[in-house]
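Okay, thanks for coming, everyone.

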Amino acid sequence: MHSIRRHLVWLVVAVVGAFALGTVALSRGESINALWVVTAAICVYLIAYRYYSLFIADKVLGLDGSRKTPAHRHNDGLDYVPTDKNVLFGHHFAAIAGAGPLVGPVLAAQMGYLPGLLWVLAGVVFAGAVQDFIILFISTRRDGRSLGDLVKQEMGVVPGMIALFGTFMIMIIILAVLALIVVKALAESPWGTFTVAATIPVAVFMGLYLRYIRPGRIGEVSVIGFVLLMAAIFGGQAVSQSPTWAPLFTFDGKALTWMLVGYGFVAASLPVWLLLAPRDYLSTFLKIGTIVALAIGIVFVMPTLQMPALTQFAQGNGPVWSGSLFPFLFITIACGAVSGFHALISSGTTPKMLDNEKHARFIGYGGMLAESFVAVMALVAASCIEPGIYFAMNSPAALVGSTPEAVAQVISGWGFAVTPDMLLQTAKDVGESTILGRAGGAPTLAVGMAHILHQAIGGPAMMAFWYHFAILFEALFILTAVDAGTRAGRFMLQDLMGSFVPALKRTDSLPANLFATALTVAAWGYFLYQGVVDPLGGINTLWPLFGISNQMLAAVALMLGVVVLFRMKRERYAWVAAAPAAWLLACTLTAGWQKIFSADPKVGFLAHAARYTEGLANGVLVAPAKTPEAMARIVFNDRLDAGLCALFMFVVLSVLVYSVKACLAARAANRPTVHETPYEPLAAVPAR
Amino acid sequence: MMMKLGNLGLPEAGRYLARSTRALGQSLRLMVGLPDYDTYLSHMAATHPERAPMSYEAFFRERLEARYGAGKGRCC
């Protein structure tokens, strides 16, 4: 009787969730309120956390609250510190929440809000949160080792090296695609460009203040920095309205690309305290604050979803990205559903601070649920603006034209009524000269956020402010990621090259550092430039590459989980990791195959290249290229992208082979063969 | 038990609020890679009483380099 009563409240949650999800999924024709989406999501998270994560914690992994964690074993008050679980949750969440969950769902909204929502919910419960949780557990039982080390340890040196190299390539693609989002948001926007540029002197001032005036006073300097940032937004407005200043901050995509590349090189070479650290404070706090504000805004404003549940583009052939729902939806939304990059965080700083092994459930599984909620909010923000405006912002000019009249006509022809006046008015509302051709997620999300937040604070007059606030917030943490990623890439590269030329390995040598930094910047800069000049918007090419690589890293992490479960002699539960790994392998390998070999030139790189080689052979210019040289460049880039795709597929397939071998070996053994740090009891501190 | 009953009300709420605020501050600092300085001090006092702990400023710098310096070596 008692046990039934204990489950009764969860039954209520389940019924409410099912009703909300039913309302969301079954409404046809009439628009529904965003609160239904939020309710459905929260109920799903609660049930999944209460039951599935408990099952994984108790039965699958067997978390042991009496076992000493690395934080206690190596406690040094610095890297290894037993930390309160709520405090650590904040740290972990801030580390995993980035641009990904904000961009993917916005791009996926072209199919309607329903496919994206269902994948975000199912993906996080059965794949994403499971991955984060299992990797955190595995790393905690192995002194907080990194993913590369773990793969090496449990599968062998070769797969470890392969995984490391794969991670480097993934990072290059991530940096390129993130930088592309910034370029798309700032092109021809003096307001945005000024505001984002102003963050550099603001951060440098903060860095100097923290170093020489009031060392270590993070809270104080962050408040000062925040005030200066808000001033920069208003300054940007003044600049954009000034006939003398506005042209000085108006750049096209190519110019911004060169600036970003130069910025990346300089920022990654400066001392960390001067620029990277202070801007990291700003971007982290702004990120957390904005996420909270958006959540409050959605509950308070209760916006109505304008986007239909399903659009005709769910069949494929959408303007924002091409390809059919399977497999491309599942790689377009990576973060928010499942993201391989989290495996790097879960095997990074977090396991070194876990006070008790039992906390891994709350921090690993729960942290990912929180990130998934960010993705749901991004989906809501993108779906509550007029679909016509959504498509006008995200469709490439090569497809819909570049004047408001042409764009409105094409998009209205698709069945999403929109007039040129609406497009001009929206641009005016957000303080921009145009909103056309701004694919990449950030501007769309900014319009959506402005749409929600101005109803809560400030009214229509504040719409432009909120738009640029959202752009600033995204650009800020993307730039931080570019800076930090370039540094990390440099270290990886020096490590890799050092195996061949020992002199390059020396991280205390300035020429070696500058050389490796230049190579890393050149690598992502190349893909960025390619994306910027791509007439189809670049997102079309780069985002699937990013999605495929990120999901493949997730598959690698989950396969590691399967191997560890086999080695623990818990193979009867291995499906918990094996099922999502199999699904991700199916999605990424199909997507990779189609990206390389599909006969549709919109999807397949080689088919696209073939169209241009044919044109070159016949001496015909194939639009949108304007010169034979441009055509040759397109052919080269297509083949390069196809090669990269093949490389990712090779990485994941070889890890698959090694993990099957490791599983078979573990099965043949008659006792557990894991490489865990030996059990040591925790001193008599009860689990909190 | 008696204490608990007697202290119910404002002081209890105040203490709870103070604890939460402190945890929030700790969490925000840890988000940017700065662990709690007091915890570090008590750790040093408990396990290495013979060594002088770093000052807050030195602790701050050490953590900053550790977070962004990517392990070995200093940044140029």
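Let me start with a question: which residues in α9(A) meet which residues in α12(A)? On the α9(A) side they are A:Thr199, A:Ala203, A:Met206, A:Gly207 and A:Leu210, and on the α12(A) side they are A:Ala277, A:Pro278, A:Arg279 and A:Leu282. "Meet" here is a contact, that is, two C-beta atoms, placed from the backbone, within 7 Å.

Before going on, some housekeeping. This is a predicted model, where local features need pLDDT of at least 70 and side-chain atom pairs count only at pLDDT 80 or more, while totals for chains, interfaces and linings use all residues. Residues are numbered from 1 along each chain as its sequence is written, and chains are lettered from A and ligands numbered from 1 in the order in which they are written.

Helix α9 of chain A is residues 190-213, and its axis packs 8 Å from that of α12(A) at about 110°. That makes α9(A) roughly perpendicular to α12(A). Axes are lines fitted to C-alpha atoms, for helices over the stretch in contact, with angles from 0 to 180 degrees between N-to-C directions. Under 35 degrees counts as roughly parallel, over 145 as roughly antiparallel, 65 to 115 as roughly perpendicular, and the rest as oblique. The contact residues split into 6 nonpolar, 2 polar and 1 charged. For those classes, Ala, Val, Leu, Ile, Met, Phe, Trp, Tyr, Cys and Pro are nonpolar, Asp, Glu, Lys and Arg are charged, and the others, Gly among them, are polar.

Now another pair, α20(A) and α21(A). Helix α20 of chain A, residues 442-456, has an axis that comes within 8 Å of the α21(A) axis, and the two cross at roughly 135°. That makes α20(A) oblique to α21(A). It's a right-handed crossing too, with α20(A) passing α21(A). Among the α20(A) residues involved are A:Leu445, A:Met449 and A:Leu453, and the α21(A) side includes A:Trp466, A:Tyr467 and A:Glu474. By class, this contact has 13 nonpolar, 1 polar and 1 charged.

So where does chain B come in? The contact takes 32 residues from chain A and 29 from chain B. On the chain A side, the elements giving two or more residues are α4 (85-96), α12 (276-301), α21 (463-498) and α22 (510-533). Of these, α12(A) gives the most, with 6 residues. That side of chain A has 17 nonpolar, 10 polar and 5 charged residues. Chain B itself has 4 helices and 0 strands, and buried residues make up 18% of its 76 residues. Buried means 20 or more other C-beta atoms within 10 Å of the residue's own, exposed means 12 or fewer, and partly exposed is in between.

One residue to look at there is A:Ile218, in helix α10 of chain A, residues 218-241. A:Ile218 is buried, with 20 other C-beta atoms within 10 Å. Setting aside neighbours within four places in sequence, A:Ile218 contacts A:Tyr281, B:Arg29, B:Val32 and B:Leu34. A:Tyr281 is 63 residues away along the chain, with 7.8 Å between the C-alpha atoms.

Most residues other than glycine have a negative phi, and most peptide bonds are trans. A:Asp143 has a positive phi, near 60°, and sits in the loop between α6 and α7 (147-155) of chain A. A:Asn317 has a positive phi of about 65°, in the loop between α12 and α13 of chain A. A:Asp143 is partly exposed, with 16 other C-beta atoms within 10 Å, and A:Asn317 also counts as partly exposed, with 13.

Terms used: Left-handed = near helix turned anticlockwise from the far one by under 90°.
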